[in-house]
Amino acid sequence: MFHFQQVDTTLLRLADYEALQNPYIASMGVYVFKTDVLLELLKWKYPSCNDFGSEIIPYAVAEHNVQAYLFKDYWEDIVSHGCFLRECSVEHSIVSIRSRWDQGVELKDTMMMGADYYQTDSEIAALVATGRVPIGVGLNTKLTNCIIDKNAKIGKDVIIKNKDNVEEANKSDEGFYIRSGITVIIKNARIKDGTLV
C-alpha cells in the first residue's frame, strides 16, 4: 500500500535484516537547532520557506551538520495529541501535549504541562456559555514566569506575572502559590476571568 514511501534504510546504518523489517521512515517533527544557525536559516538564507521538514532541513544539509536520531519505538502524530495555538505569542517557554489556548494568549518564561484529556468544542462552548472555564488558557490571557500544572483552567483576560515580585505565597484556595518568585498554577485549578497576580 505504501510502497512509494519505501526508502533504503541501510543508509541509516541499519543492518540488512533491520532495513528489510523497517523500510519506512518519517519525521516526528522534533528539531533541535543552535539559535544562531536557526536565525541564519530563517531570516537570511530561506526567509520565504514555511516548513522545516520539506524545505529548511533539506536545504540546510548542504551547509550544516544535520543529523537524525533513529527512534525505534511507538509514536503518535500531533494530530491526535497536539497543542492548539491560534494567534498567540510564546517566548522562552515549554508547552506540553493537549494544551489549549484561545486567541491572544501570551506566554513568557513559562512551563505548561498540558492536560490528561481533551474537551470537545461543544463541551468548551457549553462551559463558556454557563460562565465556567474550560481546560486551557482563555482569551487574551498573559502569563509570565509560571509553571502551569495539568488540567488547569485559566480564564480570559487573566494576567499572571507576579508584578509585586512576591517570593513566597500560598494562595491554594485561589488555585496557585508562589515559590522563589515563580507562580505555580495547581493541577486542576480554576483561575477566574480577569484575575491579576
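Predicted model: local features only at pLDDT ≥ 70, side-chain atom pairs only at ≥ 80, totals over all residues.

Modeller: Residues are numbered from 1 along each chain as its sequence is written, and side-chain values use heavy atoms, with hydrogens and water left out.

The structure has one cavity of 30 Å³ or more. A cavity here is a set of points, on a 1 Å grid over the protein atoms alone, where a 1.4 Å probe fits but cannot get out; lining residues have an atom within 4 Å of a point. Grid points are joined across faces, edges and corners, and the volume is the space filled by probe spheres set on the points. For the largest cavity that volume is about 40 Å³. Its lining includes Arg98, Ser99 and Arg100, and also Met112, Gly114, Ile135 and Gly136. Ile148, Asp149, Lys150, Asn151 and Ala152 belong to the lining too.

Arginine 100, one of the lining residues, also takes part in a salt bridge, with aspartate 102 as its partner and 3.0 Å between the closest N and O atoms. A salt bridge is counted when a side-chain nitrogen of Lys or Arg is within 4 Å of a carboxyl oxygen of Asp or Glu. Arginine 100 is classed as buried because its relative accessible area is 14%, whereas aspartate 102 is partly exposed at 22%. The cut-offs are under 20% for buried, over 50% for exposed, and partly exposed in between, with a 1.4 Å probe and protein chains only.

The whole structure holds eight salt bridges. Among them is the pair of lysine 45 and glutamate 40, with closest N and O atoms 3.5 Å apart. Lysine 45 is partly exposed at 34%, and glutamate 40 is partly exposed at 25%. These two residues and Glu63 are linked in a network of salt bridges. Lysine 171 is bridged to glutamate 174, with 4.0 Å between the closest N and O atoms. Lysine 171 has a relative accessible area of 34% and is therefore partly exposed; glutamate 174, at 41%, is also partly exposed.

As for the cysteines, the structure has zero disulfides, a disulfide being a pair of cysteine sulfur atoms within 2.5 Å. Cysteine 146 is buried, with 2% relative accessibility. Cysteine 88 is partly exposed at 25%.

Two backbone angles deserve a note. Most residues other than glycine have a negative phi. Aspartate 157 has a positive phi, near 55°, and lies in the loop between strand S8 (153-154) and strand S9 (159-160). Asparagine 165 likewise has a positive phi, near 55°, and sits in the loop between S9 and strand S10 (168-171). Strands are DSSP runs of E with at least two residues, and helices are runs of H or I with at least four, numbered from the N terminus. Aspartate 157 is partly exposed because its relative accessible area is 40%, while asparagine 165, at 62%, counts as exposed.

Note on methods: 1 Å grid on protein atoms, 1.4 Å probe; cavity = no way out; pocket = protein on both sides within 12 Å on 5 of 7 lines; lining within 4 Å.
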